Amino acid sequence: MKIIPVACLQDNYAYLIVDESTKSAAAVDPVEPEKVLAAAGEVGARVDFVLTTHHHWDHAGGNEKLTQLVPGIKVYGGSLDNVKGCTDQVENGTKLSLGKDIGILCLHTPCHTKGHISYYATSKEEEDPAVFTGDTLFIAGCGRFFEGTAEQMYQSLCVTLGSLPKPTRVYCGHEYTAKNLKFILTIEPENEKVKQKLEWAEKQWEANQPTVPSTIGEEFEINTFMRVDLPEIQAKFGAKSPVEALGEVRKTKDNWKGEAFCRATL
């Protein structure tokens with residue numbers, strides 16, 4: 001299973017998931033379809049279907065163009081989201097196959113949008129699985145609660161995604177890592193793993209290299225939004241539950257002075 005990040009727009013990521021034995025590929029959120037198809041061509045892969053995480057234009061906006069460029073291609077999207085160009089709706093638990101070796105499990109991860117889907121990919125080869133989390137889970141962050149509640153985001157982050165194997169690689173929808181980590185340090189200034197990750201992320205940024213993937217295990221160490229079960233995190237906000245703490249962390253981030261650079265989706 002080969003995974004190729006494709007930088008799109010200002011800070012988006014599309015992805016190619018390639019079954020190396022058959023060169024069959026899936027495109028995740030191909031908002032710039034020509035760029036994604038070119039990346040597939042570079043590795044001799046063909047894009048057989050599209051996986052759309054949610055309906056926002058910077059994720060689903062390339063679907064219709066891609067169906068023109070690749071006639072007959074299937075475009076998957078959540079049944080509760082109005083995904084542009086969607087040909088086949090998926091639900092929580094829907095299973096898809098890619099090539100000979102890759103299985104893809106659809107996970108309903110609502111809150112950012114009500115029908116948001118994360119895609120969990122596993123291979124028959126002995127390698128770590130991967131999850132494509134769109135705008136639900138970012139490295140050291142989560143999406144804004146546009147169409148849901150703190151309870152839903154807690155379920156999506158800490159239960160649905162949090163129950164995946166710790167080595168699962170996390171491929172998110174945007175390059176927000178350095179900014180997210182700077183915010184986390186305002187909440188957890190004593191967290192050494194966050195400091196180390198920020199130093200690394202800034203070097204990646206300077207070298208024009210992506211910061212994806214992280215892992216589910218790492219997110220539990222550096223992402224306050226996934227650490228709200230910890231009493232010390234709840235205590236920082238005077239919260240009496242993980243859900244209340246998550247809501248307070250999100251509210252704090254929404255009002256953080258570093259937030260203004262990308263109000264739309266962070």
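Me: How many bridges join strand E3 to strand E4?
Reply: This is a predicted model, in which local features need pLDDT of at least 70, side-chain atom pairs count only at pLDDT 80 or more, and totals for chains, interfaces and linings use all residues. Residues are numbered from 1 along each chain as its sequence is written, and side-chain values use heavy atoms, with hydrogens and water left out. Strands (E, at least two residues) and helices (H or I, at least four residues) are DSSP runs numbered from the N terminus, and two strands pair if DSSP finds at least two bridges between them. Strand E3 covers residues 24-28 and strand E4 residues 46-51, they run parallel, and the number of bridges joining them is 5.

Me: Which residue in E4 stands opposite Ala25?
Reply: Strands E3 and E4 run parallel and are joined by bridges. Opposite Ala25 stands a residue of E4, namely Val47.

Me: Which strands are the edge strands of the sheet?
Reply: The sheet is open and has 6 strands in the order E1-E2-E3-E4-E5-E6, with mixed pairing. An edge strand pairs on one side only, and this holds for strand E1 (2-8) and strand E6 (88-90).

Me: At about what angle does helix H1 run to E1?
Reply: Axes are lines fitted to C-alpha atoms, for helices over the stretch in contact (heavy atoms within 4.5 Å), and angles run from 0 to 180 degrees between N-to-C directions. Helix H1 (residues 33-42) lies across E1, strand E2 (12-19), E3 and E4, and its angle to E1 is about 145°.

Me: Why is the pair of Phe49 and Tyr76 edge-to-face?
Reply: Rings of Phe, Tyr and Trp (its six-membered ring) pair if their centres lie within 6.5 Å, and planes under 30 degrees apart count as stacked, over 60 as edge-to-face and the rest as tilted. The centres of the Phe49 and Tyr76 rings are 5.5 Å apart, and the pair is edge-to-face because the planes stand at 90°.

Me: Is Cys172 buried or exposed?
Reply: Buried means under 20% relative accessible area, exposed over 50%, and partly exposed in between (1.4 Å probe, protein chains only). Cys172 has 1% relative accessibility, so Cys172 counts as buried.
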